[in-house]
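Trainee: Could you take me through this structure and tell me what stands behind each label?

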Amino acid sequence: MIKHYLQKCIWLFLLIIILYSSTMPPLVAQAQAPSLTKKSVLVLNSYHKDYKWSDSIVEGIASVFVQNAQNVDLQVEYMDTHRIADKDYIYQLFQTYKYKFQNMQFDVIIASDDPAFSFLLKYHDQIFPNTPIVFCGVNYFDDSMLAGEHLFTGVVEGQDIKSTLDIALKLHPFTKNIYVINDNTMTGVSIEKTLQETIPQFQNRVNFISLEHYNMREIKEKVAHLNPDDLVLFLIFFQDISGNKFSYEESISQIAAHSVVPIYGVWDFSLGNGLLGGMLTSGYYQGELAAKLAQKILQGTPPSAIPIVKNSPNHYMFDRTQMKRFNIKPSDLPSDSIIINDTYSGKKQVLVLNSYHFGMTWTDSLSAGIRSGISENANIDLYYEFMDTKKNTGPEYLQKLYELYKYKFQNKHFDAIITSDDDAYNFILKYSWEIFPDTPVVFCGVNYFEDNDLIGHPLITGLVELIDVQKTIEIALKLQPKVKNVVVINDKSVTGDANRKLVNDVIPQFPSTNFIFYDDMNMSEIQDRVAKLPDDTIILLMSFNKDKSNNIFSYEESIRIIAEKASVPIYSVWDFYMDQGITGGMLSSGYYQGEKAASILLRILNGENPQDIPVVKQSPNKYMFDYKYLTKYNIDKTLLPSDSIIINQPTLNYKNYFIYCLAILLIIIILVSLFQRKKAKEQLSILKTPDYLTGILNRGTGIAFLQQQIDDANKNAAKLTIIFIDVNNLKMVNDTYGHHEGDELIKVTSQVLLKELNKSEAVCRFGGDEFLLILPDYTLQQATDLWIKIEGDITAYNKTTHHEYTLSVSHGFAEYDPTNPVSVTTLINKADTEMYAAKRLYKLSLAKNSR
């Protein structure tokens, strides 16, 4: 009879699944790209590591090649010519490189800044014959330098002082005097020449006053007593007239600390240290553009066919901190401005720095606990960073992470940081003062903690993870009192050595029990042995991620392989083994570690000082058991502690199984129907809120709609894609034909974008000249196909409509993948970044065509 009921239930389940799945979108299989021959790229860096300008260039280069990292080997060579650059040294470099690279062949070389460029002009044929060269960051360039050179192309570095002065005077229209700070170095003399060529364009508007004969003390005194109608133009200042030398950060930060008026500049390495902003030359964008030229060469384009880019990829860039100080609103800035130190959401910004990789059970469980702990607090944005140290263990990798995070987070403010596990904790202890200064930190999942760790770290607190081996063994012996032997499976790794010490520390508490260690063995040998264990034996699995032959196993793989053969119950001390083959134990739980860390975080965000919150040393461990294995080994469940968590428990009486099953299914169908109706009403309500000018969704409702679609994508394991769109030349249309014509351009753009969309897709007006297409159930390829149709509509509009200008847009894609979830903000920022890259290329194309 029971079998008959079960068959009915199975058929009913299958019927509903078939009917319901018929409404689901098809999954699109993407063919895996064939592997490519690895290309070798050398970056010849003029300066030294940690020199901010050239570090930014390298970061820009890496940002392009990281997308194809498996097929590109990127090597950086530092010439160190900022510290020593005499002729003998350059000749010694030539001799060294000639020997060092004699047996190495590079597919392309990127030279950053003038010394590397000059070096290759002189020695290229002797060291790197027939190798293409892409230069960037070169100030002193003349076409005659490349006479007869067909293997060179690149990007010239230029400073746009006029645009910086234009925006400064627009923001401060009552300015009378501009005080110029510049030094007498080679770079200073060069930029002074550009300034003198620019000053006549501002004749009768402002007075320019040079502070070139002032030392640092006198400059700080001067800027501290300027008038409200004064500004400061900061160019370069490595050395004052007294011979005192300063780094990038030192000069601008010291001057800004005393200045009572805004400071504008022309290089982005001064931003974040007191500079308000300007049209800034960026090492990052120099490197990014050079890398894109190098990519063309790697794809087969000869260097001689790639024109030298003489229009430097500069950007309007501003510091939100200085903007607030001098009452400048974002709406006052050019629409394509980059703003650092900005928090768009107004929410508390929290970084979760995970030691390990996304998808690891322990890490995912810990993250879930953090989310649960703050779920009712909607005023927090979480940013997840995965250090991936389980797969990458060498000290050189941690050094690379330091360099990456130092650059990545240099302009990002966090209100607090949560670290998970020992590697992230130790990383923060070493580098937080430099990468995350003055930021509170809550650690969790830390096994190796000493009170002395926190001496000199008043902003760090958290909770320790304690592994309770003793209670696990005690409960195992209580449940199975006839046990005489405990087989401890544990590897010989660093973690394994620490685990063995934990077990050895508790062995004296069990004098009647024999402990046997399986450690220096192959996995196959362990499988053979556990299959033959007698009934008076249990297994204690600590960790077995690497066997005697250096075969590597994840936690999940190791427990599944061992449990498959084990003839006796397996106990452990970690919850990530649960539902994989262990019977249970007193388990350390990532979820509860994260949940407790979140509660400490909320206390800090509510104003408590981390120093006043004691470190929690009583780990929130729980008794956990698997009903399936309790039953398999005939363990009396009444002996379990009363507060035990038991998974895989049956919940229904077989006699009434069919009735219960049918009732539940009917309830599910009703709830799904109600949910879908409610969702449809909510979506309809969202879609009813229009933008005042175009009638499409406004920014707020567009973001709400996108969040709703992301939630659905997560539930249905479906992808979605967004397209960020910016109308080109809107400012020109407004300035030339009036704002009414500009408004018409915005309206027309919205109508063209709507033309190809169906009812499940949406477009919102994201900003003044920005739109966001939201495409549920679209892969990146499907979105690309749709965009081709939209471009066709734009072309058709321009052909049939007669205007003095054409409708033109720049766009960027971002695909949301539920297997690698990101926030709405992160997704939009990715599409926005791609759009700006496209817009830069559009502007470069215009500049090229105008020459």
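This is a predicted model: local features need pLDDT of at least 70, side-chain atom pairs count only at pLDDT 80 or more; totals for chains, interfaces and linings use all residues.

Trainee: What makes strand 26 and strand 28 edge strands?

Mentor: Start with the sheet: it is open, has four strands in the order 26-27-25-28, and pairs antiparallel. Strands here are DSSP runs (E, at least two residues; helices are H or I, at least four), numbered from the N terminus. Two strands pair if DSSP finds at least two bridges between them. Strand 26 (762–765) and strand 28 (809–816) each have a single partner strand, so one side of each has no neighbour in the sheet.

Trainee: How do you know that strand 26 and strand 27 really pair?

Mentor: Four bridges join strand 26 to strand 27 (residues 770–776), and the cut-off is at least two. Cys764 stands opposite Leu772 there.

Trainee: And what joins strand 25 to strand 27 and to strand 28?

Mentor: Seven antiparallel bridges link strand 25 to strand 27, with Ile722 opposite Ile774. Strand 25 also pairs with strand 28 in the antiparallel sense, over eight bridges, and Asp726 has Ser810 as its bridge partner.

Trainee: Why is strand 25 called largely enclosed?

Mentor: Buried means under 20% relative accessible area, exposed over 50%, and partly exposed in between (1.4 Å probe, protein chains only). Eight of the eight residues of strand 25 are buried, so the rest of the structure largely encloses it. Leu720, Ile722, Phe724 and Asp726 point one way, and Thr721, Ile723, Ile725 and Val727 the other.

Trainee: What makes helix 24 a packing partner of the sheet?

Mentor: Contact means heavy atoms within 4.5 Å. Helix 24 (residues 780–800) touches strand 25, strand 27 and strand 28.

Trainee: How do you know that helix 11 and helix 18 cross, and in which hand?

Mentor: Axes are lines fitted to C-alpha atoms, for helices over the stretch in contact, and angles run from 0 to 180 degrees between N-to-C directions. The axes of helix 11 (residues 361–373) and helix 18 (residues 590–605) come within 6 Å and cross at roughly 35°. A crossing is right-handed if the near helix is turned clockwise from the far one by less than a right angle, left-handed if anticlockwise; helix 11 passes helix 18 in a right-handed crossing.

Trainee: What is called a nonpolar core here?

Mentor: A set of buried Ala, Val, Leu, Ile, Met, Phe, Trp, Tyr and Cys residues, joined through side-chain atoms within 4.5 Å. The largest has 77 residues, of which Val469, Ile489, Val530 and Ile570 touch the most other members. Helix 18 gives the most to this core, with seven residues. Apart from it lies another core of 57 residues, including Val108 and Tyr264.

Trainee: Why is Asn634 called exposed?

Mentor: Its relative accessible area is 70%, and the cut-off is over 50%, so Asn634 counts as exposed.

Technical notes. Residues are numbered from 1 along each chain as its sequence is written. Side-chain values use heavy atoms; hydrogens and water are left out.
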